Amino acid sequence: MIGMKRFLVIASCAFLFLCCPCLCRAQDSSEAEDLTLASGKRVTPSLRVVLPSYLGAAVPVDIPLGQKTAFSFGIEAIGMRLSAKSSPVEANLGLRWSGMCFGAGQNAFYLGVPARVACKFGRRSKAYAGVAAQMRIAGAQELARFVGEVEGGVSFYGFGLRAAYTVTPFSGGSRAVSLGLIVGL
């Protein structure tokens, strides 16, 4: 019993001895923490909720154009932006919920991970390009379960135009072209 008490006392002292310098240094830091690249440029991460969002029209390319036109939308539930004041380039990564609504009960809903790179030009303008991996979580069974998407567009003061091409990595007819408006990029 006494051996166990000694062990606990020694272990507690060792833990405090090892962790105390780290805790003291953490309290001494008064500047905002950020990431610094090897070049000395500071990268600022920012967390975003519900933006960017888009809506528009999607047309499947595997069937004749006049037969099926869908309303398409997407909302990034959560995302992270990495940017630097000294660089015009920023990177975005997020978790997106999106869908295509064909009407008459034929809808498809996806959960995906978009990654994009945006280049700022002017004071409030951006051109961007990105990719997304998506998985169908509900809806039309005739559409592929896993799809990829290539997207691009421009935005001015947070509002812009978006174009996307949805591809299917395996067989299945769910390729589509989407055009629409984007908010919050």
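**Paired strands and a buried charge network**

Strands S7 and S8 (residues 146-156) run antiparallel to each other, with 11 bridges between them. Keep in mind that this is a predicted model.

**Strands and hairpins**
- S7 meets S8 through a hairpin of 6 residues.
- Within that pairing, Met135 has Phe146 in S8 as its bridge partner.
- S7 (residues 125-139) also pairs with S6 (residues 107-121), again in the antiparallel sense, over 14 bridges.
- The hairpin of S6 and S7 has 3 residues between the strands, and Gly122 there takes a positive phi near 70°.
- Across from Arg116 you'll find Gly130 in S7.

**Glu76 and its arginines**
- Glu76 forms a salt bridge with Arg96, at 3.8 Å from N to O. Since Glu76 sits in strand S4 (residues 70-83) and Arg96 in strand S5 (residues 89-101), the pair ties together parts 20 residues apart in sequence.
- Glu76 also has a salt bridge with Arg116, where the closest N and O atoms are 2.2 Å apart. That pair links strand S4 to strand S6, 40 residues apart.
- Glu76 is buried, with a relative accessible area of 3%, and Arg116 is buried too, at 4%.

- Through shared partners, salt bridges join Glu76, Arg96, Arg116, Glu149, Glu151 and Arg162 into one network.

Terms used. Residues are numbered from 1 along each chain as its sequence is written. This is a predicted model: local features need pLDDT of at least 70, side-chain atom pairs count only at pLDDT 80 or more; totals for chains, interfaces and linings use all residues. Side-chain values use heavy atoms; hydrogens and water are left out. Two strands pair if DSSP finds at least two bridges between them. Helices (H or I, at least four residues) and strands (E, at least two) are DSSP runs, numbered from the N terminus. A salt bridge is a side-chain nitrogen of Lys or Arg within 4 Å of a carboxyl oxygen of Asp or Glu. Buried means under 20% relative accessible area, exposed over 50%, partly exposed in between (1.4 Å probe, protein chains only).
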